[in-house]
Amino acid sequence: MAATYHLKVISAYGTFFDGECIQTIIPCEDGTRGILARHEDCIISIVPGPLRIKLPDETELLAAVTAGYAAVDRGTLTLIVDTAERPEDIDENRAEEAIRQAGEELKHRQSRIEYEQSQATMARAMARLKVKRMS
C-alpha cells in the first residue's frame, strides 16, 4: 500500500476535503504539480483547472478549482482556493455560456481591471467544463 499524507482543501465556501490521500495533482502556471507523501516543504501557486486527489482505496476525487495556493508543511498539504467544485455540481451549459460571454467581453475595449476579470471568468469556466467532461 502506498504511503499516505493529510490533505485539506479549503475554499471560500468551506472545507471541500479533509482527510488522507496518496497523491494530489495540482494545476499550476507551468502545468501540473504532483504531491506524494514525504514531499519537501514548499508553496505552490494554483491556477484554475482540475484538481485530482488519489485516495487510499485507489479511487480518484476530481474537482474544478480556481486560483489559490498550496502549502506542503511537515508532511501535510493544505490548499486554499476561491472555489472547489465536484463534477456532479457543475452545470455544463452554464459553463459554456460563461465562456461565450467572457469571449465577447474580451473582444471589446475594456479597462485593465475589466479585461483581467473577463480573463479570470473565462479561465474558471474552462476549468469547470474540463472537469465536467473528464468525469
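Helices (H or I, at least four residues) and strands (E, at least two) are DSSP runs, numbered from the N terminus. The model is predicted: local features need pLDDT of at least 70, side-chain atom pairs count only at pLDDT 80 or more, and totals for chains, interfaces and linings use all residues. Residues are numbered from 1 along each chain as its sequence is written, and side-chain values use heavy atoms, with hydrogens and water left out.

Start with the sheet. It is open and has 5 strands, in the order β4-β3-β6-β7-β10, with antiparallel pairing. Two strands pair if DSSP finds at least two bridges between them. Inside the order, β3 (residues 23-28) and β6 (residues 49-54) share 3 bridges. Q23 faces K54 of β6.

α2 lies across β6, β7 (60-65) and β10. Its direction is about 160 degrees to β7; axes are lines fitted to C-alpha atoms, for helices over the stretch in contact, and angles run from 0 to 180 degrees between N-to-C directions. Helix α2 spans residues 112-134 and includes S118. S118 counts as buried because its relative accessibility is 2%; buried means under 20% relative accessible area (1.4 Å probe, protein chains only). Beyond four places in sequence, S118 touches A102, E105, L106 and Q110, where contact means heavy atoms within 4.5 Å.

Last comes the core. A nonpolar core is a set of buried Ala, Val, Leu, Ile, Met, Phe, Trp, Tyr and Cys residues joined through side-chain atoms within 4.5 Å. The largest has 25 residues, and V9, I26, I53, L77 and L79 touch the most other members.

Notes. Buried < 20%, exposed > 50% of the residue type's maximum accessible area, 1.4 Å probe, protein only.
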